[in-house]
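Good morning, and thanks for coming. I will show one structure today and go through it part by part. Please have a look at it first.

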Amino acid sequence: MREALENIDLSPLFITMKTGIVSIVFVFILGLAAAAAVMYLPGRVKWVIDAVLTMPLVLPPTVAGYLLLLLFSLRRPVGIFLDSGFDIRFVQTWAGCVLAASVIAFPLMYRSARAAFEQVDPQLIYAGRTLGMSETAVMLKVIVPEAAPGLISGGILAFARAIGEYGATSMLAGNVLGKTRTIAVAIASEVSAGNFDTAGFWTAVITAIAFIVILSVNLITGKGMKKISGWL
Amino acid sequence: MIDISIQKQLGSFRLDVRFRSDRHTTGILGASGSGKSMTLKCIAGIERPDSGHIIINGRTLFSSDERTDLKPQKRRVGYLFQSYALFGAMTVEKNIMAGAKGSRAERRERAAELIRLLELDGLEKKLPQQLSGGQQQRTALARLLASQPEIILLDEAFSALDTPLKERLQYEMLNILSDFDIPAVIVSHDRDEIYKMTEDTVIMHGGRVCAHGDTKELFEHPKELETAKLTGCKNISPAVRTGSRTVYASGWGCSLETSYEVSSTVKFVGIRAHDIEACDGSAVNSVRVTEERTLESPFEVTKILRTDSGGELWRKISRDERLGVFPKTEYVRLPPECLLLLE
C-alpha cells in the first residue's frame with residue numbers, strides 16, 4: 001500500500017483544479033449574464049429558455065457528453081470548422097475537460113443567480129432610480145450587493161460540480177494520463193484496474209475538497225440557516 | 001402645483017385619476033386596491049400610464065399628447081416607500097450619499113448636513129438593519145432630501161408602525177416638510193393620518209376619484225357614500241327623499257328630519273357614532289333600540305344597538321359621560337343637524 005501511494009502521479013489533482021478554476025470563470029460570467037437576460041424576457045419565452053438552460057442539470061451527464069461529442073467530433077461540420085479555422089479541438093483534449101465541466105456546472109450557477117436576483121426587493125431598484133442613480137449604478141451598487149451571498153454560493157456550488165464532473169468529461173475528453181485524467185476519471189479507471197489503494201487516496205482527496213466547499217457555502221449563507229433553526 | 005390625469009388599464013381594473021391641487025400637502029385616502037399606490041408609482045415614473053398627463057410645479061413629467069415620458073431619474077420626485085427601501089449593504093452615510101449629486105466631496109458634505117438636520121449623528125457608519133424603525137425612516141428621508149426633490153410622495157409611510165412611534169414620526173415629518181418647504185402627496189388608508197397631515201384630500205374608490213376638497217370640509221360634510229365610509233362614518237342606511245327636509249331610512253325603519261335641504265339624488269343617510277344621543281322617546285328623530293353589545297376602548301365605549309326593524313346603529317360615548325347608567329332598552333336621537341345626506 002505504501003508503495004502504491006508513493007508512486008501516485010499527482011497530475012489528476014492539478015488537472016482537476018485547473019479545469020475547475022478555468023470553468024468557473026466562464027460559468028460565473030455566463031450564468032450571471034444568462035440569469036440577468038432571462039429576467040427581462042416575456043413570460044412564455046422565459047420558461048422555454050429557462051428549461052433549455054437547466055437541461056444539463058437533469059440530463060444524465062453521459063447524455064450531455066455524447067451530445068457534445070456528436071457536435072464537436074472532428075468528423076462533423078462544427079468540429080471540422082473549429083479545427084481547421086481556429087485550431088480548437090475538444091475531443092480528447094484538456095479544452096474538452098473545461099467544456100464538459102462548464103456545460104454541466106452552468107445550470108447551478110444560472111439557477112442560483114436567478115434565485116438571488118429574484119430575491120432582490122424591486123422597491124430597492126425603484127428607490128435607486130427615483131434617487132437619480134443611473135441603470136448601471138443601480139445594477140452595480142444596489143442589485144449585485146443585495147444578491148451577493150446567493151451569487152457567491154452559486155459560484156462555489158458550480159465550482160464543486162465542475163471539479164467532480166465525470167460522465168461528460170469521460171465521453172468528450174477521455175482518459176489521457178497527464179492530459180485529461182481528472183480525479184473523478186482517475187478513480188473510475190483505478191478501480192477497474194484493481195488499484196483500490198490509489199482509488200482510495202483520490203476518494204479521500206475529493207471528499208476533503210467537497211467538505212470544504214460545502215462548509216464555505218454554509219458560512220456565506222449562514223444567516224438563512226439561522227432563520228431555519230428558529231422554526232424548530 | 002400638482003396637475004394629474006392618469007388612465008391605465010390593469011387587467012380588469014381601470015385606473016382613471018384626475019385632480020389638481022395647489023396646497024402644500026395633499027392626501028389620497030382610499031381602501032387597499034383603490035389604486036392610490038398605483039397613482040403614486042405613475043407620478044414617480046415607476047409605472048407608465050396608458051394616457052394622460054402629470055405636471056408638477058409647471059414641469060411636465062409625462063404627457064401622452066406631447067409624447068413626454070421622463071425617466072424616474074429625471075423627475076425629481078422623492079418616493080418614500082413603506083419599507084423605506086434602504087440599501088442593506090451601505091452604511092447610513094453611504095445611503096444618504098447615494099441620493100446626492102456632484103463630486104464625492106460635495107455628496108459627503110451634503111450627507112453630513114442632512115445627518116445633522118435629521119439628528120442621525122453617531123449613526124453614520126451603522127448599517128440599516130442595526131437601526132430602529134424611526135432611525136430607518138429618518139435615514140430614508142435624509143437620502144430622499146439629498147436628491148433635492150421638487151415633491152415628496154409618502155406611500156403608507158406610517159402604516160406599519162406602532163401607535164406611539166407613528167404619532168411621533170408624523171409630527172417630525174410635518175416639521176421637516178415645512179422646514180424644507182417641499183410639497184407632499186400622502187397616500188394612506190388611515191383617515192387619522194390624512195386628517196392630521198394634509199390640507200387637501202382626494203378620496204379614491206375603484207380606481208377613480210370620488211371626492212376632492214379641503215380636508216376639514218370633506219371630513220365634516222361628506223357628500224358621497226364612499227367618502228362617508230372612508231372618513232369613518234359607522235352608521236349608513238339606504239334613504240328615500242320624502243319631503244324637502246325629510247327622508248325615510250329603510251335600514252333603520254324610521255323617518256328622519258334633516259337640517260339641510262334634501263336633494264332628489266340622495267341615496268343614503270348616515271350618522272357618525274359619536275353624534276347619536278340618548279333621549280326619552282318624545283324628541284325629534286328618536287328611534288327605539290335594544291342594546292346588543294358593549295365594546296370598551298380605553299377612552300370610549302361603543303354600544304351596538306338594534307332598531308325595531310332589525311337595523312344596526314353604533315353609538316360611541318366618551319368615558320366621562322355617565323358610564324354604566326344606561327337602561328337596557330333606550331331611545332336614541334339622531335340630531336337633524338348631524339345627518340349626512342349621501343349620494
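I begin where the two chains meet. Here 18 residues of chain B are in contact with 15 residues of chain A. Which elements of chain B supply at least two residues each to the side that touches chain A? They are helix 2 (72-75), strand 7 (77-80) and helix 3 (92-99) of chain B. Strand 7 of chain B gives the largest share, with three residues. By type, the side of chain B that touches chain A has ten nonpolar residues, six polar and two charged.

Before I go on, please note that this is a predicted model. Everything I say today is about that model.

While we are at this place, look at B:Arg76. This residue sits in the loop between helix 2 and strand 7 of chain B. Its phi is positive, about 55 degrees, although B:Arg76 is not a glycine. For background, most residues other than glycine have a negative phi. Is B:Arg76 exposed or partly exposed? B:Arg76 has 18 C-beta neighbours inside 10 Å, so it counts as partly exposed; the limit for buried would be 20 or more, and for exposed 12 or fewer.

Chain B has a second case of this kind. Phi of B:Asp181 is also positive, near 50 degrees, and this residue is likewise not a glycine. B:Asp181 belongs to the loop between helix 6 (163-179) and strand 9 (184-188) of chain B. With 7 other C-beta atoms within 10 Å, B:Asp181 is exposed.

Now chain A as a whole. How many helices and how many strands does chain A have? The count is twelve helices and zero strands. Read along the sequence, then, the pattern of chain A is α-α-α-α-α-α-α-α-α-α-α-α. Chain A has 232 residues, and 38% of them count as buried. Along the principal axes, its C-alpha atoms fill a box of roughly 65 × 50 × 25 Å. If we take the contacts in chain A between residues at least 6 apart in sequence, 75% of them join residues at least 24 apart.

Helix 8 (residues 135-163) and helix 11 (residues 196-220) of chain A pack with their axes 9 Å apart, at an angle of about 170 degrees. Are these two helices of chain A roughly parallel or roughly antiparallel? That angle makes helix 8 of chain A roughly antiparallel to helix 11 of chain A, because angles over 145 degrees count that way. From helix 8 of chain A, the residues that make the contact include A:Pro149, A:Ile152, A:Ile156 and A:Phe159. From helix 11 of chain A, A:Ile209, A:Val213 and A:Ile220 are among them. The residues of this contact divide into twelve nonpolar, two polar and no charged.

Chain B next. Its secondary structure comes to nine helices and 21 strands. Of its 343 residues, 37% count as buried. The box filled by the C-alpha atoms of chain B is roughly 80 × 50 × 35 Å along the principal axes. For contacts in chain B between residues at least 6 apart in sequence, the part that joins residues at least 24 apart is 63%. The domain assignment divides chain B into domain 1 (2-220) and domain 2 (233-342). The centres of these two domains of chain B, taken over C-alpha atoms, are 39 Å apart.

I will finish with some strands of chain B. Five of them form an open sheet in the order 14-13-12-15-21, with antiparallel pairing. Strand 21 of chain B pairs with strand 15 (residues 268-271) of chain B over three bridges. In that region B:Gly270 stands opposite B:Leu340 of strand 21.

The last item is a hairpin. Strand 17 (residues 286-296) and strand 18 (residues 300-307) of chain B pair in the antiparallel sense over seven bridges. Three residues lie between these two strands of chain B. Which residue in strand 18 of chain B is the bridge partner of B:Val289? The partner is B:Thr307.

That is the end of my part. Thank you.

Terms used. Residues numbered from 1 in each chain as written. Chains lettered and ligands numbered in written order. Predicted model: local features only at pLDDT ≥ 70, side-chain atom pairs only at ≥ 80, totals over all residues. Pairing = 2+ DSSP bridges. Helix = DSSP H or I, 4+ residues; strand = E, 2+ residues; numbered from the N terminus. Contact = placed C-beta atoms within 7 Å. Nonpolar A, V, L, I, M, F, W, Y, C, P; charged D, E, K, R; others polar. Axes fitted to C-alpha atoms, helices over the stretch in contact; angles between N-to-C directions. Parallel < 35°, antiparallel > 145°, perpendicular 65-115°, else oblique. Domains from an automatic or database assignment.
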